[in-house]
Each structure stands twice: as C-alpha cells, then as structure tokens.
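Please open the structure in your viewer and keep the selection tool at hand. The tour below goes stop by stop, saying what to select and what is there.

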Amino acid sequence: MTLLDLPEETLCLIAEELDNQYDRYSLVQSCHRLYTVLLPTLYSRVILGDVSDHTIGQVSQFFNTIARRPELASAVRSLRVESWDTEDDIENINCEFEYDPQLIDGLVAGTCWSKQPNDQLRRGNTDAWLALLIPQLKGLRQISICYPYGSEYVEKMFEKAAKDDPAAFTRLADAFAEWYDTENSIHASCMEPFFKFPSVRRIGGSSILDSDRQEGAPRITPFSGVTDIDLDMTNTECGFGVWMESCKALKTFRLNIGGGMISDGPDLVTGPLRESISLHKSSLEAFWLCGESYQYLEDDDGWLGSFADFNVMKYLHISISMLAKLDDDLEPTRNLVELLPPSLETLFLCHCPHELLEWAVDQIELLLNSNSLPRLTSLGLEGWGPTEVEESSLETMRKLEALNRRCAEAGLFFATSIGSHRIVPSRFVSLWPCQ
C-alpha cells in the first residue's frame, strides 16, 4: 500500500501532524489527488501579519480566497493575528490589494455584518478588513491576537458578535491576546466578549491591565463556561473581578505580574484578588501567582488569605509573603500547615527571601510531620536573593540537604532553586502549556 492508497481521513491526519507550513504545502502540491484532498489542511493554522511591510495585501488576499471558497474558511482551526495597520497608518500604505465591493456585499448580505466601513476597506485599513474577515471563519477553535496601537474595528467586531451574534464563534475554545510593544498594555475589557461565546473555555493574555467594572454596576451573575485563565506580564488592582464573576466554575488561574513595564499604578492589590478567587473555592484546582516585585495600596494588607477551604485545589504556586502574611518586621505570622487544603498535590513556594529560608524549611518539615497533605507528590522551594551563602546560612543549607534526602526516601519530588535567577522545573509549569 502506498501513501495515495490511504483513506482521505488518514491523509488529512498525516498532513495536520506536519507543523511546518512549507512541508504541508509541498505535500499538497505533490499530486492531483493530494491537492484535492489536502488543500484545506493548508488553512487549518493561519498566521496573518507576519510580514515586515503593510499587512493589507496579505489579509485582503486571504479574505478574497475564503470568500470565493467557503470550504477553506471552514477549514481554519487556529488563527494568529500579528500587529496590523490601523486608521493611523493608511495614509502611508502604498502596496496593491484587491477590493471587490460586490464580493464583500454578497458575503455579508443578510447578516449582522452587512453594514461595513467601506471607505476604510477601500483605503486599505487592515483593522477594518480583519473585522470583516474573522467572523467568516466558522470552524475557528483557537485565536491569538497581538493588538497594535489604534486598533478599533477588531475590538468592536468582537463586542458586536458577543451582543448580536454569539453563533459567529460557536466552536471557539481558546482566546489569547497581547500588546504589540514591550511597554504599556491593553485593557482587560477587550477580552470580555470572549466570555460570552458558548464554547470558550480558556482565556489568556500578556501585557494586560485589569479593568474595573463601571461605577455602581451590580455584581455579575455567572454565565460563562470559561474554566481556565492564564495571564503573563499582567497587573491588577481590581482582581479581575469582571472576569472571575462571569465564570460559573473556574478551574485554573495563573497570573505572572508585569511590574512597571505594564502600568504606572500598583503591580498588584491583593484584596480584590482575594475576593475574586474566593468565588471559586469549590471549583479552583490550580492557582499560580508570581512576580518579581509587588506593590500594595495602603489599605491592603498584602496577604492573599488562607487556601484551607479550597477543597478541590491540587496545585498551588505562590510566594511566601502572600501565603504566610508578614508583619511590619517582615516576620511570618501564619503557619503553612493551617493555610493549605488537604487535597493539594503540588506546592511551589516562590520568592522566599534568604532571611526566611530557614523558616520555610522548618515549615515544610512541619507539613511533612503533620501528614496534613496526604496527596502531596511535588514540592518546590525558591530562595530569592544573592547567590552567595553566608556563614550564618550554613545551618539552613544543612537542613535543606536533610529535607531533600527525606523527600527522596518518601518518593516525594522536591526541587530547590537558591539564587538570583528564577529556575522553575518543567514539572511545575506543565499544567499551563505556553501559547
């Protein structure tokens, strides 16, 4: 049996396993049968805007292709949109692109997208073209967007879809957004429409600034099926209250703080975040909070609270100060054994200053002696500060070595990272695959 003798379904599976788009293109072009069968697989994963010049030529070409061959539009499963031309850029656009008003009108006639900014389309505003194109991808499962400065039409399109036509994205499961630059951020409100699409389960982002609800707005009645929130380089003063209240049963939440590169205000205010995650005590299975620096408002105590009553939590990654609550002298005021749920399987204590390292080791010993975490299989401790170990720290290092031996004998995975460079073993990050 040769490759050409295989069933069409098997051929499609083979083509989709090829990560390199050029490899798939070569396979499709190899003979007439493979071209006929596998052409849609070339469109299963689409990247737009990954060009050094203006993106309008690429986007308009793709739009006109799928407008004339709807089966290719339905074949798109994953879409990545890099930063693109907006209204501010169109005066400088000098590349050629196809603008067919009859084709556009025929595609959207009778739909909620029938009123289009034709002047912007004609002038080559890629922002407007993308807002027209994306809703045509009915089979879309994943979308990743890198928002540029001045984006308007794409954001309004998602708002309109969430309000007037949720069926436009009935299969979308994962949504990710980020800011195009290394400084500043996009507002969290741009992701709120995705909570209203019926199949979305995972929402992620990078360089996002949390947005508070409108003043006087009532608490949201949970309605969304989103179960996973994954945020990198992100600051929050509001605890992502709008997002958290929207979810019916959140399972995982990860937040890596972005610091001063993201916003001028506080990196993190713990009070609102504590209130938000408390809404999901009965469903939250994994929680991750990390950042190289934290700032607090004066009326916030900097403590995230106890996790003891999060009765299905299996994974916790958190700093010592957030968990143990430090007093004015930076001394812990809580014992770990009373703060953790018995359901916990993985615990990673990050950003432990060297002054508290011995205390942390003693606390872990107490945890193991108490058997309060009978399901624990993985344990991590990250020391934070200079790599040099002073003479006064030798006793702490001996305790660490003894703790390491004890864990090994008990079959408990134990990882330590002592130094100024963050090293988190893959065992502790595999829960959240990178976008």
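Begin by selecting threonine 227, which lies in the loop between strand S7 and strand S8 (228-232); helices (H or I, at least four residues) and strands (E, at least two) are DSSP runs, numbered from the N terminus. What is the relative accessible area of threonine 227? The value is 16%, so threonine 227 is buried, where buried means under 20% relative accessible area, exposed means over 50%, and partly exposed is in between (1.4 Å probe, protein chains only). If you leave aside its neighbours within four places in sequence, threonine 227 is in contact with Arg201, Ala249, Leu250, Lys251 and Thr252, contact being heavy atoms within 4.5 Å.

Before going further, note that this is a predicted model, in which local features need pLDDT of at least 70 and side-chain atom pairs count only at pLDDT 80 or more, while totals for chains, interfaces and linings use all residues. Residues are numbered from 1 along each chain as its sequence is written, and side-chain values use heavy atoms, with hydrogens and water left out.

**Two residues with positive phi**

Most residues other than glycine have a negative phi. Select serine 207, in the loop between strand S6 (202-206) and strand S7 (208-209), where phi is positive, at about 60 degrees, although the residue is not a glycine. Then select asparagine 184, in the loop between strand S4 (174-179) and strand S5 (186-187), which is not a glycine either and has a positive phi of about 70 degrees. Is each of them buried or partly exposed? Serine 207 is buried, with a relative accessible area of 9%, whereas asparagine 184 is partly exposed, with 47%.

**Helices H4 and H6**

Two packed helices are described by the angle between their axes and the distance between the axes. Select helix H4 (residues 56-68) together with helix H6 (residues 101-108), which pack at an angle of about 55 degrees with their axes 11 Å apart; axes are lines fitted to C-alpha atoms, for helices over the stretch in contact, and angles run from 0 to 180 degrees between N-to-C directions. H4 and H6 are therefore oblique to each other, given that angles under 35 degrees count as roughly parallel, over 145 as roughly antiparallel, 65 to 115 as roughly perpendicular and the rest as oblique. To see the contact, show Phe63, Asn64, Ala67 and Arg68 of H4 and Leu103, Ile104 and Leu107 of H6.

**Helix H11**

Move on to helix H11 (residues 270-277), whose buried residues are Thr270, Gly271, Leu273, Ser276 and Ile277. These buried residues pack against helix H10 (241-246), strand S9 (252-256), strand S10 (286-290) and helix H12 (320-324).

**Helices H13 and H14**

Now select helix H13 (residues 357-370) and helix H14 (residues 394-410), whose axes come within 9 Å and cross at roughly 25 degrees, and which are therefore roughly parallel to each other. In this contact, Leu357, Glu358, Val361, Asp362, Ile364, Glu365, Leu368 and Asn369 in H13 meet Glu395, Thr396, Lys399, Leu400, Leu403, Arg406 and Cys407 in H14.

**Last stop: proline 425**

Finally, select proline 425, in the segment after strand S14 (413-419), which counts as partly exposed at 24% relative accessibility. Not counting residues up to four places away in sequence, proline 425 touches Phe348 and Ala415. Proline 425 and alanine 415 are ten residues apart in sequence and 7.5 Å apart in space, C-alpha to C-alpha.
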